[in-house]
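Trainee: I am new to this structure and would like to learn how its features get their labels.
Mentor: Ask about the labels one at a time.

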Amino acid sequence: MTNLIDIDNAAIAFVQQQGGVVTVRLSPKYGCCGGLASVAVAETQAPNNPEAFQRQVYQGITLWVAPELAAQGLRIGVEGWWKLRHLYVDGAALSTD
């Protein structure tokens with residue numbers, strides 16, 4: 001079975017500590033001059049509308065991935081330290097609307 005998205009071991013451990021669920025989706029980011037870009041983000045919570053996501057259980061965690069980001073060669077990592085640790089998605093090209 002092909003992974004919907006790659007996730008490194010440190011990120012898996014972080015997600016397990018946060019409840020074992022991660023959602024990867026596009027988030028709109030607005031620029032100061034009116035520009036808009038959609039950036040891939042990873043959050044340690046289930047999506048509000050799970051029927052719009054692809055689901056996969058991998059190494060004890062549940063991955064919810066937006067269909068447009070699935071199998072695109074993306075990778076989830078974790079950075080920061082102590083309570084400031086957070087997930088990031090690497091390898092995503094920006095898309096503009």
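**Salt bridges and surface**

Mentor: There are 3 salt bridges in the structure. This is a predicted model, in which local features need pLDDT of at least 70 and side-chain atom pairs count only at pLDDT 80 or more, while totals for chains, interfaces and linings use all residues. Residues are numbered from 1 along each chain as its sequence is written, and side-chain values use heavy atoms, with hydrogens and water left out.

Trainee: What makes the contact of Arg75 and Asp8 a salt bridge?

Mentor: A salt bridge needs a side-chain nitrogen of Lys or Arg within 4 Å of a carboxyl oxygen of Asp or Glu. For Arg75 and Asp8 the N to O distance is 3.1 Å, so the pair meets the definition. Arg75 lies in strand E6 and Asp8 in the loop between E1 and helix H1 (9–17), 67 residues apart. Helices (H or I, at least four residues) and strands (E, at least two) are DSSP runs, numbered from the N terminus.

Trainee: Which salt bridge does Asp90 form?

Mentor: Asp90 pairs with Arg75, and their closest N and O atoms are 3.5 Å apart. Asp90 is in strand E7 and Arg75 in strand E6, so the pair ties together parts that are 15 residues apart in sequence.

Trainee: Why is Arg75 called partly exposed?

Mentor: Buried means under 20% relative accessible area, exposed over 50%, and partly exposed in between (1.4 Å probe, protein chains only). Arg75 has 28% relative accessibility, so it counts as partly exposed. Asp90, at 39%, is partly exposed because this value also falls in between.

Trainee: Why is Leu84 called exposed?

Mentor: Leu84 has a relative accessible area of 56%, and the label applies because exposed means over 50%. Leu84 sits in the loop between strand E6 (75–79) and strand E7 (86–90).

Trainee: Which residues make the nonpolar surface patch?

Mentor: Trp81, Trp82 and Leu84 make this patch of about 460 Å². Patches take residues with over 30% relative accessible area and no salt bridge, joining like charges within 9 Å and nonpolar side chains (Val, Leu, Ile, Met, Phe, Trp, Tyr) within 5 Å. Accessible areas come from the Shrake-Rupley method with a 1.4 Å probe; for residues, only the protein chains shown count as cover.
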